[in-house]
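This briefing covers a single predicted model.

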Amino acid sequence: MNVLNFVNAFFSDSAHWHGYDGIPQRLLEHIQYSLTALAIAAAIGLPVGLLTGHTGRGGNVLAFVATAARALPSFGLLVLMFVLLGLGLLPVMIPLVVLAVPPILVTTYEAVRSVDPSPVDAARGMGMSEPRILFQVEVPVALPLILSGLRSAAIQIVSTATIAAYVSLGGLGRYIVDGLYQRDYEKVVGGATLVAVLALATLTVFWAVSRTAVSPGVRRSA
């Protein structure tokens, strides 16, 4: 059987659409893992990136931290966390967050640093406070790049959250891991297809958010 036949057989099997191992349940679990990891990574990366980008301090430290985090293998970190912490969601969240923080952190920093200094200086001359300058002047201009960092992190999380299945959790990785163990390649291909479709859906969501949140003038100049 070729890949298309595997895909067709997987999705046409009614057993894959019901129960605890059904596609809706596994898809919901995968989305929950991904959103949780993205929220935690954004809560870490966005404030630090905005602050350091606004002040212009700490750029070298950020680059070092981001490079070090990117060098860590997600699966190896998962195994280490599993050995140290045991079963549960935390050993999965740690490698996913470590994976997602660098693109958010670095892109947010670079986005704020790339804002034209003229309106920033003008805002300071008008007596605006530093927080107001950051959120009313810099962030609106930097938003397209900030969203691109979040998009990159989200795609990496969606693609990598399959590792949750290796520590007995759910998600779309369950099909891939179980399929490999059972030599059920229909299930493997079906699970991989679902992950790819979810990644494309994530791209679409961020495109829609960008069209809604970013002002037309900033989009044209970006």
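**Annotated transmembrane regions**

- The unreviewed UniProt entry carries the annotation "transmembrane region" for residues 31-50, 62-86, 157-177 and 189-209.
- Residues 31-50 are 100% helix and 0% strand, with 27 Å between the end C-alpha atoms.
- Residues 189-209 are likewise 100% helix and 0% strand, and here the end C-alpha atoms lie 30 Å apart.

**Packing of H1 and H9**

- Two packed helices are described by the angle between their axes and the distance between the axes.
- For helix H1 (residues 3-12) and helix H9 (residues 185-213), the angle is about 85° and the axes are 8 Å apart.
- The two helices, H1 and H9, are therefore roughly perpendicular to each other, since an angle of 65 to 115 degrees counts as such.
- On the H1 side, the contact is made by Val3, Phe6, Val7, Ala9, Phe10 and Phe11.
- On the H9 side, the residues in contact are Tyr185, Glu186, Lys187, Val189, Gly190, Gly191, Thr193 and Leu194.
- By type, the residues of the contact of H1 with H9 comprise 9 nonpolar, 3 polar and 2 charged.

**Threonine 52**

- Helix H2 (residues 23-55) contains threonine 52.
- Threonine 52 has a relative accessibility of 12% and so counts as buried, the cut-off being under 20%.
- A distance of 2.7 Å separates the side chain of threonine 52 from the backbone oxygen of valine 48.
- With neighbours within four places in sequence left aside, the contacts of threonine 52 are Arg57, Leu62, Tyr109 and Arg113.

**Aspartate 184**

- The loop between helix H8 (173-182) and H9 holds aspartate 184.
- Aspartate 184 counts as partly exposed because its relative accessibility is 27%, which falls between the limits of 20% and 50%.
- Aspartate 184 and phenylalanine 6 are 178 residues apart along the chain, and their C-alpha atoms are separated by 9.8 Å.
- Phenylalanine 6 is also one of the H1 residues that meet H9.

Terms used. Residues are numbered from 1 along each chain as its sequence is written. This is a predicted model: local features need pLDDT of at least 70, side-chain atom pairs count only at pLDDT 80 or more; totals for chains, interfaces and linings use all residues. Side-chain values use heavy atoms; hydrogens and water are left out. UniProt positions are given in the numbering used here, feature names are shortened, and annotations may be inferred rather than shown by experiment. Helices (H or I, at least four residues) and strands (E, at least two) are DSSP runs, numbered from the N terminus. Axes are lines fitted to C-alpha atoms, for helices over the stretch in contact, and angles run from 0 to 180 degrees between N-to-C directions. Angles under 35 degrees count as roughly parallel, over 145 as roughly antiparallel, 65 to 115 as roughly perpendicular and the rest as oblique. Contact means heavy atoms within 4.5 Å. Ala, Val, Leu, Ile, Met, Phe, Trp, Tyr, Cys and Pro count as nonpolar, Asp, Glu, Lys and Arg as charged, and the others, Gly among them, as polar. Buried means under 20% relative accessible area, exposed over 50%, partly exposed in between (1.4 Å probe, protein chains only). A polar contact is a pair of N or O atoms within 3.5 Å; within protein, one must be able to donate a hydrogen and the other to accept it, and residues adjacent in sequence count only if both atoms are side-chain atoms.
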